[in-house]
Amino acid sequence: MHMEARKYVWEGAIPLQIHLHESEVTTLPPPPPALILAPRIGYLPLLVGLIKPYFGSSLPPGVDTIWFEYKGLPLKWYTPTGVLFDLLCPEPERPWNLTVHFRGYPVHVLIPCEGEDSVKWSFINSLKEAAYIINGNCKNVMNMSQSDQVELWRSVMNGNLEAYLRVSSKLKLVTVEDDYTVKLNSSSKSQQGTGETDFAGQVKTGRIPVRLYVWSVSEDFDDLEDAPDIDCWDKISFINRPVEVRTEEAGKCFTLHDAIKTLLPEYFTDKPLFNDESPKLEDEEMNLSSEDAGSNKNTEVEEILYEHVTRNAEIKLVRIQGIEPKLEIPFSWVVNNLMNPDYFLYMCICVRVPEVNTV
């Protein structure tokens with residue numbers, strides 16, 4: 001089960017239809033779009049070897065600085081292609097229509113990319129960060145031999161899971177034991193008369209590297225195709241925060257829902273909205289005089305309004321590796337099967353936060 005799921009992740013791909021931006025077309029008729037199957041775990045700049053020869057004869061003279069956009073939004077080259085797709089296409093678009101540029105790099109939005117080397121070192125740095133979160137240091141990554149480093153990177157570029165596992169096993173980056181598989185195996189042994197099974201302590205304590213992309217909307221929608229477009233990166237909250245998995249009580253496991261509550265506590269507060277010690281939000285309290293504008297009373301009302309908003313927030317979508325898993329699934333299974341090669345678990349979440357009229 002474990003290896004089969006990981007194999008699906010590594011073989012996952014997104015059909016792309018890539019258009020050369022009209023301002024860079026120098027031939028008539030303009031070239032047709034390029035159709036490419038892009039690996040989910042890959043990165044857009046790694047497609048240059050396929051795209052540049054295709055559009056090369058149509059480009060204007062000058063130095064190439066390749067970058068991609070989707071509906072006018074420049075795409076971050078250091079984010080895995082699958083994560084970009086999950087985030088920007090709530091209703092999956094197949095093929096995914098992207099525009100490629102070879103001129104006019106948007107330095108005000110994207111950090112410079114010098115081709116494959118930039119992507120490689122971004123990946124290695126991400127791996128170091130994950131190692132530090134998991135083990136408290138990144139010695140094993142820092143001490144990789146040159147040949148292992150080359151083989152590891154090539155395995156990611158080529159989607160070679162077997163080669164990747166052979167090299168990455170030397171890094172000794174153990175996250176958490178797969179609680180779901182442990183329980184299945186334990187249950188099977190119990191049925192065979194091996195005695196009672198105590199699930200307590202089956203999940204090892206561990207810190208899980210997580211990169212969370214949160215997209216907040218104020219309006220409600222029933223169908224994903226009606227979700228508003230993301231037209232700027234300011235609408236995305238990027239949370240780079242580890243999740244600590246602790247040993248659970250007997251018969252219980254740490255779920256994906258538990259992990260999301262840890263990452264986004266403001267949306268899952270357990271305390272009541274109002275209590276005897278909190279000021280009540282009566283109609284007359286909303287009519288604040290100008291003298292109260294800077295008072296503690298105004299601050300208290302703002303805090304209550306904020307808590308009211310977050311208490312009424314609704315998780316509209318959770319997507320990991322192109323799937324929308326049930327929140328009750330064991331988090332250990334999600335981590336061990338759906339994490340990216342850099343040992344980070346990338347999660348895209350859409351949250352509806354209703355607006356509150358404070359006037």
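The model is a predicted one. In it, helix α1 and helix α7 meet at a crossing of roughly 115°. The count of salt bridges comes to 15, and R211 takes part in one with E129 and in one with D342.

**Contact between helices α1 and α7**

- Two packed helices are described by the angle between their axes and the distance between the axes.
- Helix α1 covers residues 2-11 and helix α7 covers residues 161-168; their axes come within 11 Å and cross at roughly 115°.
- Because angles of 65 to 115 degrees count as roughly perpendicular, α1 is roughly perpendicular to α7.
- On the side of α1, the contact is made by M3, R6, K7 and W10.
- On the side of α7, the contact is made by L161, Y164 and L165.
- The residues of this contact divide into 5 nonpolar and 2 charged, with no polar residue.

**Salt bridges of R211**

- E129 and R211 form a salt bridge in which the closest N and O atoms are 3.0 Å apart.
- E129 belongs to helix α4 (residues 116-135) and R211 to strand β7 (residues 210-217), so this pair ties together parts that are 82 residues apart in sequence.
- The side chain of R211 also meets that of D342 in a salt bridge, at 3.8 Å from N to O.
- D342 lies in the loop between α12 (331-338) and β11 (345-352), whereas R211 lies in strand β7, so this pair ties together parts that are 131 residues apart in sequence.
- Since buried means under 20% relative accessible area, R211 is buried at 11%.
- D342 is likewise buried, with a relative accessible area of 1%.
- E129 is partly exposed, its relative accessible area being 30%.

- R166 forms a salt bridge with E151, and the closest N and O atoms are 2.7 Å apart.
- R166 is in helix α7 and E151 is in helix α6 (residues 146-158); the two residues are 15 residues apart, and the pair links distant parts of the chain.
- R166 is partly exposed, with a relative accessible area of 44%.
- E151 also counts as partly exposed, at 26% relative accessibility.

Definitions and conventions: Residues numbered from 1 in each chain as written. Predicted model: local features only at pLDDT ≥ 70, side-chain atom pairs only at ≥ 80, totals over all residues. Heavy atoms only, no water. Axes fitted to C-alpha atoms, helices over the stretch in contact; angles between N-to-C directions. Helix = DSSP H or I, 4+ residues; strand = E, 2+ residues; numbered from the N terminus. Parallel < 35°, antiparallel > 145°, perpendicular 65-115°, else oblique. Contact = heavy atoms within 4.5 Å. Nonpolar A, V, L, I, M, F, W, Y, C, P; charged D, E, K, R; others polar. Salt bridge = Lys/Arg side-chain N within 4 Å of Asp/Glu carboxyl O. Buried < 20%, exposed > 50% of the residue type's maximum accessible area, 1.4 Å probe, protein only.
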